[in-house]
Amino acid sequence: MFLLLLAVLLTLYRDTAISMAEIWWRSETFAHGLLVVPIFAWLAWRKREAISNVSPQPCLWGLAVLALCLAGWLAAEVSGVQVVRQLSFVASIPALVIAVLGWRIAWVIAYPLAFLFLGVPMGENLMLPLMNFTADFTVSALQLMNFPVYREGTFFELPSGSWSVVEACSGLRYLISSVTVGALFAYVSYRSIWRRAAFIVASFVVPIIANGFRALMIVLLAHYSDMKIATGVDHIIYGWVFFGVIMLLLFWVGSFWQEREAEDVPPQAGSAAWRTVSALRTGAVGIGAAVLLAGPPLYVAQLAQRPLPLSPGLVLPVELGDGWILDQGAVLTDWRPRFQNPDRQTTLQYRRNDDVIIVHLAWYGRQRQDAELINSGNYMIEQEHDVWSNVGERILPVTPHALRETELRSSRLRLLIHDWYVVGDTPTANGVIAKLLFARNLLLTGDDAGYAVVLYTQKLEDRAMSQALLREFAALLEPGLEKAVSP
């Protein structure tokens with residue numbers, strides 16, 4: 001029965017499973033996911049004798065756990081939070097094991113079941129902190145070595161050349177690979193929970209620090225070779241070689257505390273582990289699990305039949321007040337924020353004397369796959385852009401609502417950008433809060449329309465003046481936004 005219900009889970013939630021597999025296949029960062037399922041199968045197979053010593057005992061409490069996981073999947077599906085949807089899907093597998101086979105069998109393979117969670121493509125939110133740490137580490141080390149360094153965000157310059165810590169330099173790939181391999185090594189090498197936990201923590205901390213030394217090594221190699229070594233693809237090769245050496249050292253040190261694997265002792269005859277349950281209970285749990293599995297996809301299918309609301313005109317006033325008028329002249333810049341498949345978007349330029357501000361609106365009438373307001377495909381610039389570089393971004397906790405501030409630079413212009421989301425009639429600069437607002441509105445009113453507001457202007461030498469200019473303009477603009485997004 002378990003295999004049948006597992007097949008039902010994989011069939012009904014195949015889009016979630018496929019979304020994970022697609023990320024594994026196309027992303028170098030999460031390519032390790034291709035090995036997680038085979039490794040799980042191998043780890044579970046190693047426990048086959050212990051499993052055979054325990055009778056399946058369907059557990060009603062397992063249905064409650066399964067219901068909780070599926071509720072999480074439904075909430076994530078409605079709000080469009082892919083990583084939570086994938087986590088809930090993976091969590092449904094051990095929940096199904098508990099419900100159908102019982103908690104004793106689930107406990108026997110608890111570690112392999114937990115290992116499955118490493119297949120969920122997550123951790124991209126660590127990218128920026130890791131980039132900042134790498135830049136902090138490298139610049140601090142160079143300054144201790146008496147190198148003159150000028151730093152701006154994740155960019156820094158030495159007399160010999162300029163450097164930038166980009167996504168590929170963050171060390172996220174090393175970190176995820178290290179944790180995955182470290183978790184496997186810890187399980188097969190140790191019996192103690194504390195030793196396993198300690199090694200997994202080490203496999204998390206060591207690559208972060210090692211990546212700082214890797215970046216420093218690359219900069220020094222390039223500096224002392226007059227920028228002839230480690231400035232191209234070769235610095236990535238050096239990085240992986242360095243990472244391989246670090247991992248070998250980590251495993252070598254860990255091997256000193258290696259423990260023999262404990263033998264699986266079969267339970268005594270007549271113990272609770274051998275006790276069988278009635279066919280009625282088994283059938284009730286099976287039917288209950290099937291009903292729970294079918295519910296969320298059916299509800300989502302019903303929501304998908306909603307028609308797309310009428311598109312708004314996104315028409316803004318010609319005159320906003322305080323001297324700001326719509327400008328049809330030469331544009332400040334051809335840069336535009338990137339939004340994936342909005343139902344409607346527009347870009348307008350306003351001018352007051354020598355001051356110029358550009359307004360970009362992107363409206364989504366209904367949140368759906370590859371057409372949603374909060375999506376990794378929506379960004380200011382892509383990494384390693386040919387013209388623009390992201391100097392940094394932060395959240396400004398100002399009134400009447402928070403803003404996200406981003407600074408971009410090119411060889412001839414610097415831009416200061418303020419942007420925020422509006423879900424229903426609630427503004428926010430936090431993507432997570434926006435997702436929750438979408439879920440609330442959809443469940444309560446059946447409406448999940450929302451839009452993004454992006455304002456940008458040339459950054460002046462006095463940053464505070466540029467900030468004040470954008471905030472004053474936003475105060476004039478916001479009263480007209482509700483009318484602009486009305487059909």
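Which residue meets the side chain of Glu 405 in a salt bridge? The partner is Arg 394, at 3.2 Å from N to O. A salt bridge here is a side-chain nitrogen of Lys or Arg within 4 Å of a carboxyl oxygen of Asp or Glu. Glu 405 lies in strand E9 (residues 403–409) and Arg 394 in strand E8, so the pair ties together parts that are eleven residues apart in sequence. Helices (H or I, at least four residues) and strands (E, at least two) are DSSP runs, numbered from the N terminus. Glu 405 is buried, at 1% relative accessibility. Arg 394 is partly exposed, at 42%. Buried means under 20% relative accessible area, exposed over 50%, and partly exposed in between (1.4 Å probe, protein chains only). Shared partners extend the contact into one network of salt bridges, which joins Glu 152, Arg 394, Glu 405, Glu 407, Arg 409, Arg 414 and Arg 463.

The model is predicted: local features need pLDDT of at least 70, side-chain atom pairs count only at pLDDT 80 or more, and totals for chains, interfaces and linings use all residues. Residues are numbered from 1 along each chain as its sequence is written, and side-chain values use heavy atoms, with hydrogens and water left out.

The structure holds 15 salt bridges. One of them pairs Glu 28 with Arg 173, with 3.0 Å between the closest N and O atoms. This pair links distant parts of the chain, 145 residues apart. Glu 28 sits in the loop between helix H2 (14–26) and helix H3 (33–46), and Arg 173 in helix H10 (residues 172–189). Glu 28 is exposed, with a relative accessible area of 60%. Arg 173 is partly exposed, at 26%.

Lys 435 and Glu 372 form another salt bridge, at 3.4 Å from N to O. This pair also links distant parts of the chain, 63 residues apart. Lys 435 belongs to helix H14, and Glu 372 to the loop between strand E7 (355–364) and strand E8 (389–396). Lys 435 is buried, with a relative accessible area of 8%. Glu 372 is buried as well, at 11%.

Helix H14 (431–445) is also a packing partner of helix H13. H13 (residues 279–304) has 26 residues. From first C-alpha to last, H13 reaches 38 Å, close to the 38 Å expected at 1.5 Å a residue. The expected span is 1.5 Å times one less than the number of residues. The buried residues of H13 are Val 285, Gly 286, Ala 289, Leu 293, Pro 296, Pro 297, Val 300 and Leu 303. They pack against H14 and against helices H1 (2–12), H5 (60–79) and H6 (82–101), where contact means heavy atoms within 4.5 Å.
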